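Work through the exercises below with the model in view. Try each task before you read its solution.

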Amino acid sequence: MNLLPCPLCQGNTQPFYKHVERIFMRCGNCLSVFLHPDFYLTEQQETAHYACHNNKPDDIGYQNFVRPIVNSIFADFTKLDSGLDFGSGTGSPIVKLLQDEQYNIQQFDLYFYNEKQRLKQQYNYIACCETAEHFKNPAQEFTMLRQMLLPKGKLYIMTERYNDDINFADWYYKNDPTHIFLYHKKAFEWIKDTFGFSKVEFKNRLTILSV
């Protein structure tokens, strides 16, 4: 197994943890932890894994889970603004809750709503709920997401952040075989500085990057 630069910041990395047969690396620069590419699932395995997710937009529990993003969008934007749920999965409660209030939001998902023309548009806000941890090339993904935001736009990211107080061996979040990049708080600060965001805010598991 070869060492490789961090797929986000290109920092130097070292082996960090072996979980069953999968090896995680850690970046010495942004402090994030990521799965070595030798252990990625195949595209077919990924699709089957995501298809098994019980993501029903009408599910009240699922709606409550995404409320931090939805309520932030309600507070920050109006029905006249345009939005995108990036990585919406098989069904999006974010889209449902916003459209129920006549908000203008579309969805994109690599496997289930792969309408690439939506990636060529710009939006006032982008929701990215439990998606960023699946990025195989986070630098490329964040470059694209930043380009898709209009002036004064916001990117809402919901993902569990790794920190040194977490016992990685016991951390449930690493056990999902599709969770391949686990961000440290410092990584989002690096993203802010590198991709031209003006501010980053941390609200529990919600991270908000503002243009």
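**Exercise 1.** Which strands does H5 lie across?

Solution. H5 (residues 185-195) lies across S7, S9 and S10. H5 runs at about 155° to S9. Angles run from 0 to 180 degrees between N-to-C directions, with axes fitted to C-alpha atoms, for helices over the stretch in contact. Helices (H or I, at least four residues) and strands (E, at least two) are DSSP runs, numbered from the N terminus. This is a predicted model: local features need pLDDT of at least 70, side-chain atom pairs pLDDT 80 or more, while totals for chains, interfaces and linings use all residues. Residues are numbered from 1 along each chain, and side-chain values use heavy atoms, without hydrogens and water.

**Exercise 2.** Find the order of the strands in the open sheet, then its edges.

Solution. The six strands follow the order S5-S4-S6-S7-S10-S9, with mixed pairing. Strands pair if DSSP finds at least two bridges between them. S5 (104-108) and S9 (199-203) each have a single partner strand, so one side of each lacks a neighbour in the sheet. S9 runs antiparallel to S10 (residues 206-210), joined by five bridges. Lysine 199 stands opposite serine 210.

**Exercise 3.** Describe how H4 meets H5.

Solution. Start with the axes: H4 (residues 138-147) and H5 come within 11 Å and cross at roughly 55°. Next, list the contact residues (heavy atoms within 4.5 Å). H4 gives Ala139, Phe142, Thr143 and Arg146; H5 gives Phe188, Ile191 and Phe195.
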